[in-house]
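Subject: Structure handover

Hello,

Please find the structure below, together with its sequence. Notes on what was found follow it.

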There are 2 protein chains.
Amino acid sequence: MSALELSARALAALPEIAPGDDLAALIAAAGADLRPGDVVVLSQKIVSKAEGRLVSLGDVSPSERARDLAAALAKDARAVQVVLDESADVLRAERGVLITRTRHGFVCANAGVDHSNVPGDDVVCLLPRDPDASARRIRGGLGGEAAVLIADSFGRAWRLGQADVAIGCAGLAPLDDRRGTPDAEGRELIASVDAVADQAASAAALVRDKAGREAVVVVRGLERYVTAEDGPGAAAIVRPLDEDLFG
Amino acid sequence: MSALELSARALAALPEIAPGDDLAALIAAAGADLRPGDVVVLSQKIVSKAEGRLVSLGDVSPSERARDLAAALAKDARAVQVVLDESADVLRAERGVLITRTRHGFVCANAGVDHSNVPGDDVVCLLPRDPDASARRIRGGLGGEAAVLIADSFGRAWRLGQADVAIGCAGLAPLDDRRGTPDAEGRELIASVDAVADQAASAAALVRDKAGREAVVVVRGLERYVTAEDGPGAAAIVRPLDEDLFG
């Protein structure tokens, strides 16, 4: 494969993931056949399940604020409480939509809390507590030569549809900063920082069956961005608050 | 290739594109070797050049508003005037950043106007006037069996780095609306509309050399989203104004 070709391939379905499961071992058993420089993209949901990041709504006592928001948004007050617990800030709460900034700094609907593909009617799934640490741990379990991304589907402010982004990253440069390098005319490129990890997550999303258990995708052809070190992780993709024009 | 595998491959470099050039013919000459169901992703820049969407700043007389904005943002008032001419609305003008809603409805920096990879020091490049029409025309020129996307790199509100999105689309379902279909637990998926065209554009971006002339990428493996009809185009991805929480 040339440097200018990329492939994304979904692995065989994994079994239902339970707290404590060894995802690296399950990925190897699913026939990953990894090469150095591959990027293994896991859905957030299986990582969260393996880490036991599940909450039974029956165990949640909503605060007054959660009850008020839930009434305004026509949501379950207990689920809103879980979202608030995961959030550093509420950006928007209107028209049935709750957009928050998570404790990690991600801006998304419901702090990434949801209950699709989660067993149990009253159980919701949270994002991993430290998705970059999760990615590093899984990378280590896979031998350290492939990079690991943890992907989740985020809505976008002005565009319909969800696109996958990287919420955890180990061993892949999350951004490719080409500012200062010349364009084809020999002039400096102005605003050229490429979202490598997020775009790799989006490529993987196109082959993942979100209604099923094909939760792991191997992306090949990004060797030039794969590093020996785990690197700064997806935390480096979060736009600093003092550069945020839309908070 | 199975249904759950995708590839993205950059074509050989095209010559510098001039107004009136036949992009479909140039793509065929670059060894595209297209199959039915392929998705041909073109950079916005070459489409705009072929359509003559270039403006010499020497021909622009900035208005008072453009001069005021330019002074506040430390930009060229003539370039700001071009951005305003392309915009329906200014969302943010601060910290050196001008975010507008284009006449097509896209929210992005500088209405998509830039001057990288454009010959001439005082020439800027605009987005195509009707990128969906451009995509349909190129699709027709390619025989109509492959889909066509026109991609541009957009910044994101809360995340660093630019990701490619589709600003023009013909023959590919831009969104995959799976709301109402069951998840692995047999429950209804709640918020599951996938940004197919945007994610395909992002996959293509990972193999495109933005500093060079490898401006066309063929994505294979999305046959299930490729349609005989040209379809609603990228216009269908624009979030309606009355659902916009961040305008």
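To compare the two chains, copies are superposed by least squares on the C-alpha atoms of residues with pLDDT of at least 70 in both. The pLDDT is the predictor's confidence in each residue, from 0 to 100. On that basis, chain B is superposed on chain A by a rotation of 180° with 0.0 Å of shift along its axis, at an RMSD of 0.0 Å. That is the relation of a two-fold axis. Both copies use the same surface, since 100% of the contact residues of chain B recur in chain A. Here two residues are in contact if their C-beta atoms, placed from the backbone, lie within 7 Å.

This is a predicted model, in which local features need pLDDT of at least 70, side-chain atom pairs count only at pLDDT 80 or more, and totals for chains, interfaces and linings use all residues. Residues are numbered from 1 along each chain as its sequence is written, while chains are lettered from A and ligands numbered from 1 in the order in which they are written.

On confidence, chain A averages a pLDDT of 93, and 96% of the residues score at least 70. The model scores ipTM 0.95 and pTM 0.96. Where pLDDT is low, the predicted coordinates should not be read in detail.

The interface

The contact between the chains takes 61 residues from chain A and 61 residues from chain B. On the side of chain B that touches chain A, the elements giving two or more residues are β1 (5–10), β4 (87–94), β5 (97–102), β6 (107–109), β9 (163–170), β11 (193–194) and α6 of chain B. Helices (H or I, at least four residues) and strands (E, at least two) are DSSP runs, numbered from the N terminus. By class, that side of chain B has 34 nonpolar, eleven polar and 16 charged residues. Ala, Val, Leu, Ile, Met, Phe, Trp, Tyr, Cys and Pro count as nonpolar, Asp, Glu, Lys and Arg as charged, and the others, Gly among them, as polar.

Helix α6 (residues 196–205) of chain A and helix α6 (residues 196–205) of chain B have axes that come within 8 Å and cross at roughly 125°. Axes are lines fitted to C-alpha atoms, for helices over the stretch in contact, and angles run from 0 to 180 degrees between N-to-C directions. α6(A) and α6(B) are therefore oblique to each other; angles under 35 degrees count as roughly parallel, over 145 as roughly antiparallel, 65 to 115 as roughly perpendicular and the rest as oblique. The crossing of α6(A) and α6(B) is left-handed (the near helix is turned anticlockwise from the far one by less than a right angle; right-handed if clockwise). Gln199(A), Ser202(A), Ala203(A) and Ala205(A) of α6(A) make the contact with Gln199(B), Ser202(B), Ala203(B) and Ala205(B) of α6(B). These residues divide into four nonpolar, four polar and no charged.

Within chain A

The axes of helix α3 (residues 64–73) and helix α4 (residues 77–86) of chain A come within 8 Å and cross at roughly 120°. The crossing of α3(A) and α4(A) is right-handed. Arg65(A), Ala66(A), Arg67(A), Leu69(A) and Ala70(A) in α3(A) meet Ala77(A), Val80(A), Gln81(A) and Leu84(A) in α4(A).

Regards
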